[in-house]
Amino acid sequence: MQAWTREQFEHKLRDKGRFYHIHHPFHIAMHNGECSKDEIKGWVANRFYYQASIPIKDAAILANCRDMETRRLWVQRILDHDGSVGEKTLGGIEAWLSLGDAVGLDRQDLLDEKFVLPGVRFAVDAYVNFAKKANWQQAACSSLTEMFAPEIHQSRLDSWPKNYPWIKSDGLSYFQLRLSQARRDVNHGLQITLDHFTGRKAQEEALNILQFKLDILWSMLDSMTLAYQQSRAPYQQVVGQDVINNPIHHRGVFK
């Protein structure tokens, strides 16, 4: 099979945006102002597990990368999320903790992963494990969902103040931060992918890797849909409604 041109390959990568989680029913409901406070809190709490795992994923990519120039650029992603010592600008994780406070979540509950659903944990851990085991170019390719991220961040900045006025406005700083950071990261990640995956078989592999990451994000929202919109939290039918106070201390349900 003949390889796609660089332009054709990039078009096919960007076309994967059709499967981005901005199109998931949970996110559509959230954008339209149709989510309850508990649904918003559940989303923020579970996404925090993803946000806190991103620098771990990026550290794994660095650990597998022998190219100094790539490391010099990629390390900025870790600093973006963890923040830098002595800097006044907070990192993305701290900004997400501020979002948690803005929706009424306890900071320590987020740090303790109190409300993380099993399905969300499984999906995020699969992503981190992929970054650890894959070569660094494959792992970099999996980060290309950032191509579609500016739209989703802007949609929250546009819709949340109107639809959820109870959320403190200063909690939205994460979305503002990521507007420029995601665009910068896309340029680097896309260059790596276009340079490395040059044969047709390799290009199709890259598309499958990107789809894998899209599956991760979609599956996270599937878990949240069951727990928060359909009242089907894991183990609920086994231990009854009061799952928080049960000895197994199931996490993920708000009381």
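Trainee: Are Asp185 and Arg178 buried or exposed?
Mentor: Asp185 and Arg178 are both buried, where buried stands for under 20% relative accessible area, exposed for over 50%, and partly exposed for what lies in between, using a 1.4 Å probe and protein chains only. Their side chains meet in a salt bridge, at 3.5 Å from N to O. A salt bridge here is a side-chain nitrogen of Lys or Arg within 4 Å of a carboxyl oxygen of Asp or Glu. Salt bridges with shared partners join Arg77, Asp80, Glu146, Arg178, Arg184 and Asp185 into one network.

Trainee: Before going on, what sort of model is this, and how are residues numbered?
Mentor: This is a predicted model, in which local features need pLDDT of at least 70 and side-chain atom pairs count only at pLDDT 80 or more, while totals for chains, interfaces and linings use all residues. Residues are numbered from 1 along each chain as its sequence is written, and side-chain values use heavy atoms, with hydrogens and water left out.

Trainee: How many salt bridges are there?
Mentor: The count comes to 14 salt bridges.

Trainee: Which residue does Asp80 pair with?
Mentor: Asp80 forms a salt bridge with Arg184, and the closest N and O atoms are 2.3 Å apart. This pair links distant parts of the chain, 104 residues apart, with Asp80 in helix 4 and Arg184 in helix 10 (residues 173–196). Helices are DSSP runs of H or I with at least four residues, numbered from the N terminus. Asp80 is buried, at a relative accessible area of 8%, whereas Arg184 is partly exposed, at 35%.

Trainee: And what about Glu113?
Mentor: Glu113 has a salt bridge with Arg121, with 2.9 Å between the closest N and O atoms. Glu113 is partly exposed, at a relative accessible area of 27%, and Arg121 is partly exposed too, at 24%.

Trainee: Let us change topic. Which residues touch the most other members of the largest nonpolar core?
Mentor: They are Leu13, Trp43, Trp160, Phe175, Met220 and Met224, in a core of 65 residues. Such a core is a set of buried Ala, Val, Leu, Ile, Met, Phe, Trp, Tyr and Cys residues joined through side-chain atoms within 4.5 Å. Helix 11 gives the largest share of this core, twelve residues.

Trainee: What does Trp160 touch?
Mentor: Leaving aside neighbours within four places in sequence, Trp160 is in contact (heavy atoms within 4.5 Å) with Met30, Trp43, Leu99, Pro165, Ile167, Leu172 and Phe175.

Trainee: Where is Trp74?
Mentor: Trp74 is in helix 4 (residues 68–82), and it is buried, with a relative accessible area of 1%. Not counting residues up to four places away in sequence, Trp74 touches Asp58, Ile61, Leu62, Ala140, Ser143, His188, Gly189 and Ile192. The C-alpha atoms of Trp74 and Ile61 are separated by 8.5 Å, with the two residues 13 apart along the chain.

Trainee: Which residues of helix 4 and helix 5 meet?
Mentor: Asp80, His81 and Asp82 in helix 4 meet Gly92, Ile93 and Glu94 in helix 5.

Terms used. Helices (H or I, at least four residues) and strands (E, at least two) are DSSP runs, numbered from the N terminus.
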